[in-house]
Amino acid sequence: MRVTVLGCSGSGPGPESPASGYLVTAGSTAVTLDLGNGTFGALQRHLDPWELDAVAFSHLHPDHCADFTSLVVHRRYHPRPPYDPTTRPLPVHAPAEAPDRFAAAYAPSAAERAETDLTDVFTFHALTDGGASDVEAVTLTARRVDHLCESYGLRVDAGGRSLVYSGDTGPCTALVALASGADVLLCEATWPHVMPEWGDEPPTGVHLSGRQAGEHAAAAGVGRLLITHVPAWFDGEELLAEAKAAFDGPVELVAPDGSYEI
Ligand SMILES: [Zn+2]
Ligand SMILES: [Zn+2]
């Protein structure tokens with residue numbers, strides 16, 4: 001199994017990277033985890049989008065799903081599709097509100113939204129806490145995490161290997177449970193642990209600090225920690241140092257277009 005970073009800039013695209021999106025491949029199976037702003041362009045450097053077997057979304061903030069709109073255009077209007085997408089709709093695993101959210105993001109008027117539910121080229125599967133789905137060679141498992149809206153950590157298992165993606169979350173025991181014993185935890189770290197605005201402890205229910213990402217990796221006993229979702233306005237090296245201080249295993253800050261064997 002391999003994860004390729006389509007974008008890793010936290011909270012929105014930055015000068016060096018699109019927003020959040022990851023391509024996971026295992027054998028001939030290909031799945032994306034989130035498609036934030038700019039990631040659909042990056043995806044095309046690594047995979048023909050027609051080869052996707054499913055797309056999954058941790059939550060519906062724009063920095064994690066804005067480029068779904070580009071995938072709609074690609075599947076509906078590509079002049080030479082390799083197959084008829086209306087006979088092979090692409091599975092979308094996402095929070096239950098995704099059909100409404102994506103139709104609203106795609107269609108520019110109320111009149112078009114009244115006719116556009118996107119099910120001509122997609123099938124929607126609502127994520128549930130603890131629910132699992134098979135996508136070809138991989139199993140996708142979701143756990144509800146602690147963010148500002150309905151959000152899930154996502155685990156991908158294939159061939160005895162495992163990747164867990166935090167999505168966006170504050171400190172959360174469900175993330176530790178989901179990541180327990182995983183080979184790789186791809187974990188958000190969005191801000192420094194200590195800030196003048198909040199003193200010694202960051203706010204809960206929103207994001208993790210670099211230190212908290214390391215603490216979650218240690219509590220889950222993962223093999224390796226990949227740090228992501230650092231916004232352009234913070235220093236990734238500082239958050240990486242926090243994570244390294246809290247977790248004894250290998251830790252890396254991911255880079256756009258970086259590819260990591262699981
Ligand atoms: Zn985010
Ligand atoms: Zn978010």
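The zinc ion (ligand 1) is held by four residues, Asp63 (OD), His64 (NE2), Asp168 (OD) and His229 (NE2), at 2.1 to 2.2 Å. The structure is a predicted model. Along the chain, the donors of the zinc ion (ligand 1) follow the spacing D-H-x103-D-x60-H. Asp168 lies in the loop between β10 (161-165) and α6 (173-179), whereas His229 lies in the loop between β12 (224-228) and α8 (236-246); the pair is 61 residues apart and links distant parts of the chain.

The zinc ion (ligand 2) is coordinated by His59 (NE2), His61 (ND1), His147 (NE2) and Asp168 (OD), at 2.2 to 2.4 Å. The spacing of these donor residues in sequence is H-x1-H-x85-H-x20-D. Asp168 therefore coordinates both the zinc ion (ligand 1) and the zinc ion (ligand 2), which are 3.6 Å apart.

The geometry of each site can be judged from the angles between donors. Around the zinc ion (ligand 1), the 4 donor atoms subtend angles of 89 to 158°, so the arrangement is irregular. The 4 donor atoms around the zinc ion (ligand 2) subtend angles of 90 to 168°, which makes that arrangement irregular as well. Four donors count as tetrahedral if all angles lie between 85 and 135 degrees.

| Residue | Relative accessible area | Class |
|---|---|---|
| His59 | 0% | buried |
| His61 | 24% | partly exposed |
| Asp168 | 2% | buried |
| His229 | 1% | buried |

Asp168, the residue that coordinates both ions, is thus buried, with a relative accessible area of 2%.

Note on methods: Residues are numbered from 1 along each chain as its sequence is written. Chains are lettered from A and ligands numbered from 1 in the order in which they are written. This is a predicted model: local features need pLDDT of at least 70, side-chain atom pairs count only at pLDDT 80 or more; totals for chains, interfaces and linings use all residues. Side-chain values use heavy atoms; hydrogens and water are left out. Donors are N, O and S atoms within 2.8 Å of the metal (3.2 Å for Na, K and Ca); water is not among the atoms, so sites may look incomplete. Four donors count as tetrahedral if all angles lie between 85 and 135 degrees; four count as square planar and six as octahedral if opposite donors are over 155 degrees apart and all others between 65 and 115; anything else is irregular. Helices (H or I, at least four residues) and strands (E, at least two) are DSSP runs, numbered from the N terminus. Buried means under 20% relative accessible area, exposed over 50%, partly exposed in between (1.4 Å probe, protein chains only).
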